[in-house]
Amino acid sequence: MQYLAEVAGSESDMEKKLLESSPILESLGNAQTIRNDNSSRFGKWSEIYFDENGKIVAGKIVDYLLEKSRVSHQEKGERNYHIFYQICRGLSQEDKKKYYILDVEDYKYLTKSSKTKIKGVDDEQNFAETSEAMERILTRENKDNLIRILSAVLLIGNIEFIDNQDDSTSISPSSADIVSKISKLLCINEDNFIKFLTTKRSVASGSEIISNMNLIKTEEARHGLSRMIYHRLFQEVVSLINESLDSKTAAKSSKRRYIGVLDIYGFEIFKHNSFEQFSINYANEKLQQHFVKYTFKTEEKIYEEDGIDFEKIKYKDNILILDLIEDKTTGIISILDDELRIPQSSDERLLNKIENANQDKREVFSRSLKKKEEFTIMHFAGDVDYSINGFVEKNKDQSSGNMKKVLQNSEMELVQRLFPSSEDTKNKATKSLAYQFRRQLNSLMNTLEDTNPFYIKCIKPNHHKSPDEFDPILVLDQLRNTRIVESLEIVQKGFPYRMKYNDFAARYKVVNPNYNGGNSKKAVELILKKLNYDVSRFKLGHNFIHYKSEDNKYIEAQRNVSVDKLITKVQNAVRVRQAKVLMRQLRKYKQICKAALSDGSIVVVNAALKKGEDLRFIIKEHRELK
Amino acid sequence: MFTISEKMHKKSIKFSKKSLQNYVHDLLMLDESNEANILYNIKNRFSKKRIYTRLGKILISVNPYKLYPVYTPDVVEKYQNARTVNQLPPHIYEVAKGAIEELIMTKHPQSILIAGESGSGKTEACKQ
């Protein structure tokens, strides 16, 4: 992106905005995990739009499935999202007071995992950067409101509840102050907020019933609330960034002159793997499929269509794993969604159903013999043991209708934007998270299929984030899993370079000085004939010329030599012309000098001398005249 | 954690004498395209602070877990002015350059797909 921005630039600072959006999204969407100090917990697809002159005119960012569970819960040794630590450490005492922000150590959401600092990361300094970028891109008012909402999310985690022992719950008196602060921060009605923290609404035979929740349900609902607010805030920040990047212009421009950059969470294997890892790894399977399809299938198809002989090679695709996950009837996601419609859903029954529906996929799916809640998926990048516990609950895009109403009625514009009143508050069958994710991924795949892809395969050299350490076994695993070895094989057997005949002719006609126009296959053959090279290495298909890396190197070198020769020729011609002009001037001046000498008057001599000053050579007559 | 046992891995990593001596920019130039050669090539490059390796159009990037001075403005300029990218060592800028050129030439949308495990340097690659 930095390169694109620097090279392309823009007339409206668009490239700066594009670069500045990244610290904002990073602080809100990245966190420390065991594996990675700055792990992206969301997927990002950025489109950068160019005009005819190659200048950046607009941008658009699409975000994918932020890991919202992190807001209320982190594994040991991990942190919550960076932004929380940044505001606690980076804001002035005065501002902290204004926003009711405490120290990191005073928040339950930030201390549960007992990890609050990352080695080598200065949250205070990073906040300065984030804050500056926010003011420029989101406006100062939005930044102010964003901090208020973040502060409220943290405080929601601090509310303490009391179990009334009768299936009802109340807010601890010591938390009254917290609740009041949250209401002020979010500009919402405090009484309603209190009421709906511990009760839920259900509809029975047409009428609405407000009933109490027990402590467990209350806790769940509270975490659900903070996660929902944070998730929506994140999405809103993305759309604010898009507004500033003029994404609407981008969408309208039918030319689709864009470069898309995809940065999506990498394949994950943890000790305990749940719904989050399942979703992340699913996304990676989709990308892997695209890669396999692109490198192998597309390549073969092109040769076939263009009538070129080639050697077929065997490769593994991951279609079985994808069927297991996303098949419309027997896939894990579909079965997971079915479970949502059953009132008393159970994780165990879900797993049985998945197993029964996928008897034919033993190669990629198995259940643990020891633990009945565990199952294994043999992903392309390794086997992952998942625990089904919590899948059903995490898949719900839950939110209580009443609490949404409270937030809808907020007097703060940003909160209103997070909870638009147009949104249906009734219990309409909301789509599950996995369902939404599947749809998003499929739409991304459609977009990708329409583009010409460039792949960057990132590899980590060791597990300890340590520089200078190279673990060959770990690297080999990644090389195998990402199909790099197989890719190399197919590329070597195939013809990685291909050009349309007219493009080829345009680029390489300089190689043949006798080339006389035309850009058909015939013309290309003519160009090739001039080369002192085994031209049978170039495969001429119906529409394209195909060749290998060595051939590309050869012809590029030939082109450079020819271009240099041509440049010398052009330089020669120019220099000859310049010399001729000078010669003519000198001859003319010689006559003037002679005339002045014979004239002898001081005025004429001076005028003649002046004329001679600008010439590059001093001729004999000039000296005599002097 | 992985299906293939580590023992098997160790067995399969046998380097030919030749592979120990040097390395190539592009894996396509390897005399023999076996796993060991690929791995050793990448390892050799990594130890010489060369984190990028090319495989035709695919760029392989190994996370150095520290910042090398390979993203300075003059490097940008170097890649920007290169007549063909193959003249220069593999770099993430080369991919970006390729995408821009292809976009201008074909007027067809381009994409840069950054893949890898968590912690392999995708986000950093994206920013550059």
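This is a predicted model: local features need pLDDT of at least 70, side-chain atom pairs count only at pLDDT 80 or more; totals for chains, interfaces and linings use all residues.
Biologist: In which sense do strand 9 of chain A and strand 3 of chain B pair, parallel or antiparallel, and over how many bridges?

Modeller: Strand 3 of chain B covers residues 110–116. Its pairing with strand 9 of chain A is in the parallel sense, and the number of bridges is five.

Biologist: How much area is buried between chain B and chain A?

Modeller: The contact involves 71 residues of chain B and 85 residues of chain A. Carbon and sulfur atoms give 63% of the buried area, which comes to about 7,600 Å².

Biologist: Which element of chain B gives the most to the side that touches chain A?

Modeller: Several elements of chain B give two or more residues to that side, among them helix 1 (6–12), helix 3 (35–47) and helix 5 (92–106). The residues on that side divide into 38 nonpolar, 21 polar and 12 charged. The most, 11 residues, comes from helix 5 of chain B.

Biologist: How many salt bridges are there between chain B and chain A?

Modeller: Over all chains, the structure holds 29 salt bridges. Between chain B and chain A there are 24 residue pairs in polar contact, both residues being at pLDDT 80 or more. The count of salt bridges between chain B and chain A is zero.

Biologist: How far apart are the closest N and O atoms of Glu160(A) and Lys108(A)?

Modeller: Glu160(A) is in the loop between helix 7 (140–158) and strand 5 (161–163) of chain A, whereas Lys108(A) is in helix 5 of chain A, 52 residues apart. The two form a salt bridge, with the closest N and O atoms at 3.3 Å.

Biologist: What radius of gyration does chain A have?

Modeller: Chain A has 26 helices and 16 strands. Its C-alpha atoms fill a box of roughly 125 × 70 × 50 Å along the principal axes. A compact globule of 626 residues would be near 25 Å, but the radius of gyration of chain A is 34 Å.

Definitions and conventions. Residues are numbered from 1 along each chain as its sequence is written. Chains are lettered from A and ligands numbered from 1 in the order in which they are written. Side-chain values use heavy atoms; hydrogens and water are left out. Contact means heavy atoms within 4.5 Å. Buried area is the accessible area (1.4 Å probe) that two parts lose on being put together, summed over both. A salt bridge is a side-chain nitrogen of Lys or Arg within 4 Å of a carboxyl oxygen of Asp or Glu. A polar contact is a pair of N or O atoms within 3.5 Å; within protein, one must be able to donate a hydrogen and the other to accept it, and residues adjacent in sequence count only if both atoms are side-chain atoms. Helices (H or I, at least four residues) and strands (E, at least two) are DSSP runs, numbered from the N terminus. Ala, Val, Leu, Ile, Met, Phe, Trp, Tyr, Cys and Pro count as nonpolar, Asp, Glu, Lys and Arg as charged, and the others, Gly among them, as polar. Two strands pair if DSSP finds at least two bridges between them. The radius of gyration is taken over C-alpha atoms; the globule rule is 2.2 Å times the number of residues to the power 0.38.
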